Structure formats: C-alpha cells, structure tokens
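Visitor: I have not looked at this one before. Can you walk me through it?

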Amino acid sequence: MKKKRLFNPKRGINASEEYGCVFIHVPKAAGNSVKSIFKIKSHAHRPVSEHEPELLEENYVFSFVRNPWDRFVSAYFFLRGGGMGWYDKESKKKYIDKFSSFDDFVKNSNYDDLMKNQIHFRPQCYYLDGPVDFLGRYEDLQSGIDTICDQLEIPRQQLPHKNKSNHKDYTKYYNDETRKIVAEKYADDIKEFGYKFGGG
C-alpha cells in the first residue's frame, strides 16, 4: 500500500513528486541509474537524519548499499578518471593524484580526511543513519527496483546502467594487506549490511 504523498521541493532532497518517494543516495551504489527510473532530478547525498521527519513519514523511502570493498575500488577509479564535475576533479587532485597506484592509495591515504570529507568514501552507515522502508543491494539491483515499483504500484522498469566505472572485478585489486585495511576502515558497513570479501 502506498503512503500518502507529501512532496517537499526543498533543494538537495532526492524526492519524486510523481511517485511519492524519497531516495537516500549512497554514492557509488548505482544511484544515478536508480534516480532515472523514478524521475528524481536532484543530485544530493544527504543522510536520512538530514531529511524532515514529515517528509520521510509521508513518502516511500528507499536506498541501496554495495559491498564496501567493491565500492572502494569503484570510487577510486571514478575519481581517478576525473569524476563528473568540479568537485570530483578537485577531489582527484587532493586524494588520488599523489598516489602511484591503487595499492599505494589504500596503504597511505589519510583516512580521517578521506572518509569524513570525500562523499564517495564516506561509510554507507553515514548516509543510512535512520530507518528506510526498503534497503536494496547493488549486487541485486533489478530485483530491488522491481520491489520498489511494486510497492509504489507502478509498472516495473528495466534498470539502465549509468556512470559505470571502467575497471576489473574488484577482488583483482586487493592483496591480503589492502583487503584488511579496507575491512578495518569500513568495519561498520561490513557488519551492518552483512558483506564479505568476494561475496554479497
């Protein structure tokens, strides 16, 4: 059953007036593809807690998460390639260009700065700091989209693939040391969303 629709046009909120839904956009978890389906124009990365309670109560709220090791690789290559705009280009200069390789980046990054100030590397728990009606997984995107469409009582739609990073399977970039570093830094995400290296 659909909730009562209460659209809030405040800038920086990923909301669809037509479908009565709010999308919590975790960076590097297929967000641009998801937004295109539900006609969401805003490009915001705000945690649940930064949304008005009434907006969350009166709309269908959903999000997607991704394997933290995979997301880390995707974010690295996305920024290394220049990203999408001035913010990403500045992030490339600040966080990526000083390192000779992915291995060097994992081992020697200033994680206190990186995970606090670069949106693509913030933990997913940062964005999902409150309840949502549906939490899907990047690894099973189409199934998640189907569920959301069913809940909103709209026709199912095929997911497009936008903004795809160009890299190999994420497991190919890690060794035991770098795998453990990312596991330590993103331990909350791994625990909260039940991920493991090499699997969903």
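This is a predicted model: local features need pLDDT of at least 70, side-chain atom pairs count only at pLDDT 80 or more; totals for chains, interfaces and linings use all residues.

Visitor: Fine. What is the order of the strands in the open sheet?

Guide: The order is β1-β2-β3-β4, an open sheet of 4 strands with mixed pairing.

Visitor: Which are the edge strands?

Guide: They are β1 (15-16) and β4 (134-137), and each of these pairs on one side only.

Visitor: Parallel or antiparallel for β1 and β2?

Guide: Antiparallel, over 2 bridges, with β2 covering residues 21-24. S16 has C21 in β2 as its bridge partner. The two strands form a hairpin with 4 residues between them. In the turn, G20 has a positive phi of about 65°.

Visitor: And β2 with β3, parallel or antiparallel?

Guide: Those two are parallel, and 4 bridges pair them. F23 has F62 in β3 as its bridge partner, and C21 stands opposite Y60 in β3.

Visitor: What about β3 and β4, how many bridges?

Guide: There are 4 bridges, and β3 and β4 run parallel. F62 turns up again here, with F134 in β4 as its bridge partner.

Visitor: What holds paired strands to each other in general?

Guide: Strands of a sheet pair through backbone hydrogen bonds.

Visitor: Are the residues of β3 buried or exposed?

Guide: Buried: 6 of the 6 residues of β3 are, so the strand is largely enclosed by the rest of the structure.

Visitor: Which of them point which way?

Guide: Y60, F62 and F64 point one way from β3, while V61, S63 and V65 point the other way. In general, side chains of a regular strand alternate between the two faces of the sheet.

Visitor: Back to β2. Which residues cover its faces?

Guide: C21 and F23 are on one side of β2, V22 and I24 on the other, and all of these are buried.

Visitor: Which helix lies across β2, β3 and β4?

Guide: That is α8 (residues 141-152), and it runs at about 180° to β3 (60-65).

Visitor: Say more about α9. At what angle do α3 and α9 pack?

Guide: The angle is about 105°, and the axes are 10 Å apart. That makes α3 roughly perpendicular to α9. On the α3 side, P68, W69 and F72 meet R179, V182 and A183 of α9.

Visitor: And the ends of α3? What does N67 do at its start?

Guide: A side-chain oxygen of N67 comes to within 3.0 Å of the backbone nitrogen of W69. Just after α3, G82 takes a positive phi of about 100°.

Visitor: Now single residues. Where is G136 found, and is it buried or exposed?

Guide: G136 is in strand β4. It is buried, with a relative accessible area of 3%.

Visitor: What does G136 touch?

Guide: Leaving out residues up to four places away in sequence, G136 touches S63, F64 and V65. G136 and I148 are 12 residues apart in sequence, with their C-alpha atoms 9.1 Å apart.

Visitor: And Q158, where is its place?

Guide: Q158 is in the loop between α8 and α9. Its relative accessible area is 66%, and it is exposed.

Visitor: What is Q158 in contact with?

Guide: Apart from its neighbours within four places in sequence, Q158 is in contact with I37 and Q142. The side chains of Q158 and Q142 are joined by a polar contact of 3.3 Å.

Visitor: How far apart are Q158 and V182?

Guide: They are 24 residues apart in sequence and 33 Å apart in space, C-alpha to C-alpha. V182 is one of the α9 residues that meet α3.

Note on methods:
Residues are numbered from 1 along each chain as its sequence is written. Side-chain values use heavy atoms; hydrogens and water are left out. A polar contact is a pair of N or O atoms within 3.5 Å; within protein, one must be able to donate a hydrogen and the other to accept it, and residues adjacent in sequence count only if both atoms are side-chain atoms. Two strands pair if DSSP finds at least two bridges between them. Contact means heavy atoms within 4.5 Å. Axes are lines fitted to C-alpha atoms, for helices over the stretch in contact, and angles run from 0 to 180 degrees between N-to-C directions. Buried means under 20% relative accessible area, exposed over 50%, partly exposed in between (1.4 Å probe, protein chains only). Angles under 35 degrees count as roughly parallel, over 145 as roughly antiparallel, 65 to 115 as roughly perpendicular and the rest as oblique.
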